[in-house]
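Welcome, and thanks for taking a look at this one with us.

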Amino acid sequence: MHDTAALITNRIRRFRREQVRAAVEGDRRALTVTAWRVPGEPVEFDHALAQSYEPIAPGDALGAPWSTCWLHVTGELPETGADGRFVAEASIDLGFTHDRPGFQSEGLVWTTDGRTVKGVEPLNSYIPLSERHGTVRGGAIDFYVEAASNPDVTEGWQFRPTRLGDPETAGTDPAYRLGRVDVLVRDTQAAELEQDLWTLAGLLEQIPADSTRHARISRAIENAMDAFDPDDVVGSVPAARAQLADVLASPASASAHRVVAVGHAHIDSAWLWPVRETVRKCARTFSNVLDLMDADPDFVFAASSAQQYAWVERVYPELFQRIAARVAEGRWVPVGGMWVESDTNLPGGEALARQFVMGTRYFQDAFGIRSRVGWLPDSFGYSAALPQILRRSGLPSFLSQKISWNETNTFPHHTFEWEGIDGSRVFTHFPPVDLYNSVLSPAELAHAERNFADKADSSSSLVPFGHGDGGGGPTREMLAASRRAASLEGSPRVRVAGPEAFFDEARAEYATPPVWSGEMYLELHRGTYTSQARTKRGNRRSESLLHEAELWATTAALRAGHAYPAERLTDIWRRVLLHQFHDVLPGSSIAWVHREAERDYELIAAELEQIIAEALAALSPADGERALANSGPFAQDGILSLGAGTPHIEDRVEVHRGSDGVVLQNAALRAHIDADGHVVSLVDRASGRESVPPGQRAAVLELYRDTPNQWDAWDIDAHYRRHRRVLDDVSAWELDDADPSRPVVRVTRAFGGSTVVAEISLSARARALDIAYDIDWHENQKLLKAAFPIDVHAESSAAEIQFGHVRRSILENTSWDAARFETSGHRWVHVGETGFGAALANDASYGHDVTRNPRDGGGSYAVIRQSLLRAPRFPDPRADEGRHRFALSVRPGASVRDAVEEGYRLAYPLRAVPADIAPIAGVVRGNAVIETVKLAEDGSGDLVLRLYEPLGERGSSELRIETPVDEIWQTDLIEERVSPEDEAPASTAVDAAGAGVVIELAPFQIVTLRARRAS
């Protein structure tokens, strides 16, 4: 038998598509179109306006991939009548190939005097025609369209290797051909009928087919279809709508789930398009939103990312002023408080803090507002450091939905308190609609209600609606859907409002929500910790150089009167923060994006090196290079932290060469490297403990087949482990002991189309064995790891995150443990048992795995594998081809504190300078680590120190500030004074030379100190 419900639904769809839709659009007439094809990159409106335009017709090419074609559209305005039912609109087809906005051709409509009107996309292709909109002048249609031939890099969402992601390989064949460009008279009543039918047909699919409600809606729709007369549309449309009035007016039940619908347009700051295209996507989307706000006074829209507002302010100042006016009204809500919607696993601690510093300050300066809601709907997992950073940035609430993508375990809550590593909590919501680009369909709303995990205690959820990723935002159809779902039997109640309204209500309703403690690990996209290694190295290098530049510039300003380069540093920070966007730093963007990021990182490095050189010259003007500057927070080779001094004379390393390889030995370590270039023994001499398990080898390169099921650049799937090849073949082996204080064993290996030169070295005063890899990488769908077996019986590993570390089980007792088979860490990973451990540090890697393996004769040992390189095919088919260098170090006998110290050693190598430099600040005792030394963001000249407790141990730390100050106080991350109840217990003593601070730090606590310089 046929499915009666399906037959009804199909009939309704056909009726809407073939009869009602035709009635909505009425008769169409072609408009006159001329075109100017931009010969290069996009141009400003005034430049385009001054060009010569030539006729273009449907079917004519708009241009090559990534090109721009300006269209000048003119014509006669049709009669519409005086009753307001009919309105004139233009409709433009830019050669759309499917109905997904943001992933193909797009346009921006301009008035003849240079004002943006709205965007043109597949599901939002109309242009309002009126004198008020500026698209009609003197009764005639006259406007411009800036048409972007952005190629569909996904090629129909197939995610196969493509040359379209780089203009150098995309070719010159036309990407799109112009479709129809018409004027039409829209029947607004027919449009309302179409929306009525869309809502009710969707509702029929969500309610029981044998229910009274289903029967009555079905009968009402049948009656409406009977009442509709295609030969008398004008007269019959109101009659058809009348047949639906009762079922649309039937209210939702008192217990119905409540939805706060927040207008939204998630715009990736770069992804399958370059940054320059995102700037235009913002203009299109924001113009769409303002047009809707003009038409609907109840519409509220939320948008994050200060960077995107800053682009609009610079490139589209008139559009920005209109946005600012809506912000002042409270209808446009800047959210998130961040510079961009960054990744949260990979940015360093100070960088993640600066996302909020820069974003919050921009919103304050531009609009006079502060967001109170953290907003990261699409980032790939959430660091356990984030709750504290959110709280200390003035954001007590947080929203995301990405954890709904988990491939193994279902996250147990939708509204809850999220607790970070320090104990800070933020009120958090994951929209149970499982989308950040809802269209407010009955199916989506029903899913939100059914899926809501906390329905026993809470009755409301948030639904972000609007076309996203590639932009576009909400549409008039979505707003029409929200009105019908305001109170509709069989559906949740829907109210359009801002995110803070939702969080205030949800917090008031849910007094004792459940708590999730620790990181929110995304059980997907594990490859983002490794993909596009050059981008990741550029980020790590930039973070380190920014730390150095601020430290030495601050020291030079306070000690030598050197001008602090605040504007230069702000500009550089903003560029680094932009590249931390969650599809750039994770390595999941097209080739164009990563090439631009890598080029910018080189410029950033040059600029920061210049700032550092200028500051150091001001501090140590003597000629020659007889001192070493240490910008790290721990002493190196006897040189104090955050200062410069004369290095100790280095000792020799003992070298013993035999038939089975070479042994390198200093006071701390003894390392045996065999003839295959692997470390077969690594002894901590203080304890006499061997760290390499019997029969095992460390510093082993392992090559895996890496063929994710779906998302190439994003994913490492668990089945990779079944395809392991150990790289044993040796092309060359040599001992280089020309420098007796640092002998090197150099081993060359060839495999596939690639080569690796490994350098294993031991310095005279080192506590760790250094391993560097120079790799010329030419593989396809492969994963390269460096494996380090450690002879400890461990149940967990520790990995550095922002301002601390997390411990993760290395067992597989639960599905949650098993799903965490590839994880992220910053500068170090540590495994240990009581009394003995080992640390693996790195200079530019993030992905790793840690396993526990059975030991011959009983017991177990741990293996840390650092992920080095991948070779995904989409979206960049040549990702990471070419040369790379990685530096690792393995430190046996290491505590977690030793791991912290080793990570900073690799991050901040000593720098030659002409003379000694006394530190501006330092830790006299205790666990505190000074992460940042800078001058205040407000230009006051105040000294700012950011410190944290890295070990998870409560205790007292003593600091000394070696410059005259009048006052010291604690601030939040935004550098504003915190209330007494939020301060860490501290005492300060100020004297003529400087100041001492004794402060009690809780585990992993971040503290920002601000000191007023003595006048």
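Predicted model: local features only at pLDDT ≥ 70, side-chain atom pairs only at ≥ 80, totals over all residues.

Helix H14 itself covers residues 533-560, 28 residues in total. From first C-alpha to last, H14 reaches 39 Å, close to the 40 Å expected at 1.5 Å a residue. H14 is also mostly covered, with 23 of its 28 residues buried.

## How H4 meets H5

Two packed helices are described by the angle between their axes and the distance between the axes. For helix H4 (residues 212-227) and helix H5 (residues 233-249), the angle is about 170° and the axes are 8 Å apart. Angles over 145 degrees count as roughly antiparallel, so H4 is roughly antiparallel to H5.

On the H4 side, the contact includes Arg 213, Arg 216, Ile 217 and Ala 220. Among the H5 residues they meet are Ser 236, Ala 239 and Leu 244. By class, the contact of H4 with H5 has 9 nonpolar, 3 polar and 2 charged residues.

## How H6 meets H8

Helix H6 (residues 275-295) packs against helix H8 (residues 317-329) at an angle of about 45°, with the axes 11 Å apart. That angle makes H6 oblique to H8, and their crossing is left-handed.

H6 brings Ala 283, Phe 286, Ser 287, Leu 290, Met 293 and Asp 294 to the contact, while H8 brings Leu 319, Arg 322, Ile 323 and Arg 326. These residues divide into 6 nonpolar, 1 polar and 3 charged.

Notes. Residues numbered from 1 in each chain as written. Heavy atoms only, no water. Axes fitted to C-alpha atoms, helices over the stretch in contact; angles between N-to-C directions. Helix = DSSP H or I, 4+ residues; strand = E, 2+ residues; numbered from the N terminus. Parallel < 35°, antiparallel > 145°, perpendicular 65-115°, else oblique. Left-handed = near helix turned anticlockwise from the far one by under 90°. Contact = heavy atoms within 4.5 Å. Nonpolar A, V, L, I, M, F, W, Y, C, P; charged D, E, K, R; others polar. Expected span 1.5 Å × (residues − 1). Buried < 20%, exposed > 50% of the residue type's maximum accessible area, 1.4 Å probe, protein only.
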